[in-house]
Amino acid sequence: MASIPSLVFYVLIFLSVYVQVFFFVTFFENRKKIVIRDGKTKLSRYPAVTIVVPCFNEERTVYKTVRSLLDLNYPKDKLKIFLIDDGSTDGTWNIICHFEKYKNVKIFHKKNGGKYTALNLGLEHSETDFFGGLDADSFIDSESLVRIMSYFEKDESVMAVAPSVTVHNPRNFIQNVQKEEYHMGVYFKKMLGFLGAISVTPGPLTIFRKKVFDDLGPYRHGHNSEDMEIACRMQQNQYKIEYCNDAYVYTSTPMTIKNLYKQRLRWMYGLINNTIDYKGVLFKKKYGNFALFTLPMGIISIASVSYLFGRIVYNFGDFLYSKIIILNAIGWRFKMTNLHFDSFFINTQSFVFLVISTYFLVIFAMIFGRRMTEGKWRFSINMIYFFPVFSIIAPFWLLKAIYNTILSRKPDWR
Amino acid sequence: MNNNIDWKKYLIVFFITMSLFLSASYVSNYFSNKKINQLKSIQDKIAIDILSSETQFSLLSELSCKNIPDSIFSDQLRELGSKLEWSQSNLGATDEVSYLKKYYALLQIKDYLLAKKISTRCGVKSAFILYFYKTLDNCSECQKAWSVLTSLRDKYPKLRVYSFDYSTDLSAVSSMLRIYKIKDTMLPVFVIDDDVLTGFHSIEELESRVKESFKLQETKPIENERSSP
């Protein structure tokens with residue numbers, strides 16, 4: 001008779017494998033629809049677009065961000081750029097002032113109120129039919145906007161289009177591992193796009209029809225994850241979100257574990273709290289795959305990581321306890337242990353094979369995500385490093401986010 | 001809005017996931033069976049070796065102790081013991097594993113009797129510890145005792161330790177429990193030269209028993225030899 005912990009363990013493994021297989025089957029169904037365009041894209045009509053860049057202490061990156069916007073392959077008279085300084089305390093304002101001379105650029109200064117307030121200020125001043133935000137630490141490929149706009153041209157019912165976000169100039173190990181994670185994200189989001197179940201419209205450039213905000217209201221605080229909140233709100237109102245895999249945006253990623261932890265804590269807190277806020281949608285079939293797959297998937301991943309972490313801590317505690325017992329019994333006695341390899345002791349329980357097959361599916365996700373962003377089928381050793389690095393640190397931001405949720409504390413923006 | 005739910009796909013994915021589960025469990029069973037078979041073949045080999053030694057001993061004992069079979073199976077038995085312990089915790093306490101444990105207990109008893117006979121008749125310097133423990137109820141004293149015995153066995157290669165799980169359902173083990181009047185509340189129990197020591201005993205205590213009672217020559221541990229100038 002299986003014990004309850006091992007039953008829970010296998011149920012969670014089943015659900016995790018299910019999620020990966022679901023993605024893979026979706027890929028298999030839609031693989032021919034994935035287009036990766038090369039060269040210049042043309043539209044029959046170029047609608048006017050407003051892109052807002054909310055800035056808070058971004059003096060190091062904002063110049064390059066705005067330059068990338070000015071270099072877009074899109075008619076200048078159809079592109080309005082709003083640079084909004086959200087009460088920066090560094091030299092951000094001075095830098096954005098340099099761009100005032102451009103006809104299609106408007107600059108604003110306001111008291112610090114958080115990213116969503118800066119976006120809403122942009123919304124108030126926007127007069128175009130399309131609206132988007134671009135984080136001031138991200139750089140946009142010159143073809144991105146036109147490729148995103150092609151989705152709106154093709155399908156009248158599309159209300160928002162998200163881009164492929166990838167890592168800008170990774171320089172150290174932590175950033176290289178994140179790069180593979182972002183590749184994986186590109187694959188998963190593309191599949192969620194096919195399923196009509198995207199749950200985040202990323203801050204590094206998502207373009208919306210202005211109608212979305214006219215109908216549903218402006219951005220909300222969304223537990224510091226306004227990009228997830230607006231996506232959930234759109235899903236709740238059955239507004240279609242697409243994913244443009246060949247619209248590339250390069251974003252700056254944390255270089256240290258500490259900054260990565262802070263960023264992910266904010267994301268995780270947003271995920272948990274937005275899921276709680278939109279729990280009414282959960283498992284209701286009228287909300288489609290978003291309600292039946294995306295939201296439950298988030299819950300499954302939270303449950304799996306928490307459970308596995310608990311199990312690892314328990315096993316480690318058990319191991320330490322037995323070592324202490326031995327230490328008490330015989331003291332410090334070092335001996336040369338016979339390290340010969342005996343295949344007998346390799347764990348061959350069925351979960352091992354399931355975990356390995358899940359890893360293979362995740363590595364496939366990274367490889368195909370990379371193919372979608374870089375056009376190459378290529379394996380990288382960082383794809384393997386992703387597993388230990390994220391398995392070790394992810395539980396900490398997850399547990400802290402759960403803890404903060406319980407105490408209703410909000411994490412700092414950065 | 002594309003909110004048509006493709007129920008067929010949810011079902012197909014469920015069946016694919018199920019078949020992955022079944023395949024994983026099939027592969028896992030395959031390896032478990034292989035391991036069980038490996039254990040069986042080790043046990044059979046030890047059984048034949050013991051039987052052969054017994055026969056050889058009977059044949060030669062009339063003549064001299066010169067050609068007595070070198071006592072012999074300690075390492076093999078030890079390896080088998082650790083593999084069985086591992087199997088019990090990783091493959092589960094299946095019927096096959098508990099059958100193998102019984103067989104193992106029996107082999108240990110036979111080895112013990114043979115080695116003791118050789119020791120008495122031919123004056124081979126050996127020491128014997130019978131150790132009784134339990135795997136149930138998380139016996140931390142047993143864990144400590146086992147680490148002491150492992151350490152002693154590393155230090156004294158001629159010390160022969162035979163360990164018996166109290167719950168082994170085998171008449172030979174039950175007989176030993178009866179002979180030494182061992183009850184489960186007394187565990188762990190050491191039997192050294194027919195003296196029954198109950199509960200945990202420190203390494204120093206057991207070491208002096210091993211040295212004094214059995215007049216065992218101490219062989220220097222390898223580490224000490226290495227570290228000495």
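Modeller: First, a term. A crossing is called left-handed if the near helix is turned anticlockwise from the far one by less than a right angle, and right-handed if clockwise. Bear in mind that this is a predicted model.

Now the helix pair. H9(A) spans residues 257-277 and H10(A) spans residues 288-330. Their axes come within 11 Å and cross at roughly 130°. H9(A) is therefore oblique to H10(A). The crossing of H9(A) over H10(A) is left-handed. On the H9(A) side, the contact is made by Leu271(A), Ile272(A) and Thr275(A). H10(A) contributes Leu295(A), Gly298(A), Ile299(A) and Ile302(A). By class, this contact has 5 nonpolar residues, 2 polar ones and no charged residues. An α-helix has 3.6 residues a turn, so residues three or four places apart point the same way.

Next, helix H8(A), residues 226-236, which is mostly covered. Of its 11 residues, 10 are buried. Among them are the charged-class residues Glu226(A), Asp227(A), Glu229(A) and Arg233(A). Met228(A), Ile230(A), Ala231(A), Cys232(A), Met234(A) and Gln235(A) are buried too. The buried residues of H8(A) pack against H9 and H10 of chain A. They also pack against helix H4 (115-125), helix H7 (210-216), strand E6 (158-167) and strand E8 (240-251) of chain A. Just after H8(A), Gln238(A) takes a positive phi of about 55°.

H10(A) also faces the other chain. The contact between the chains takes 35 residues from chain A and 32 residues from chain B. Helix H1 (4-30), H10 and helix H11 (350-374) of chain A each give two or more residues to the side that touches chain B. H10(A) gives the largest share, 9 residues. By class, that side of chain A has 19 nonpolar, 11 polar and 5 charged residues.

Last, the annotations. An unreviewed UniProt entry lists a "transmembrane region" at residues 6-28, 287-306, 344-367 and 379-399 of chain A. Residues 344-367 of chain A are 75% helix and 0% strand, with end C-alpha atoms 33 Å apart. Residues 379-399 of chain A are 90% helix and 0% strand, and their end C-alpha atoms lie 32 Å apart. UniProt also lists residues 50-216 of chain A as "domain: Glycosyltransferase 2-like", again from an unreviewed entry. That span is 40% helix and 26% strand, and its end C-alpha atoms lie 18 Å apart.

Key
Residues are numbered from 1 along each chain as its sequence is written. Chains are lettered from A and ligands numbered from 1 in the order in which they are written. This is a predicted model: local features need pLDDT of at least 70, side-chain atom pairs count only at pLDDT 80 or more; totals for chains, interfaces and linings use all residues. UniProt positions are given in the numbering used here, feature names are shortened, and annotations may be inferred rather than shown by experiment. Helices (H or I, at least four residues) and strands (E, at least two) are DSSP runs, numbered from the N terminus. Axes are lines fitted to C-alpha atoms, for helices over the stretch in contact, and angles run from 0 to 180 degrees between N-to-C directions. Angles under 35 degrees count as roughly parallel, over 145 as roughly antiparallel, 65 to 115 as roughly perpendicular and the rest as oblique. Two residues are in contact if their C-beta atoms, placed from the backbone, lie within 7 Å. A residue is buried if 20 or more other C-beta atoms lie within 10 Å of its own, exposed if 12 or fewer, and partly exposed in between; C-beta atoms are placed from the backbone.
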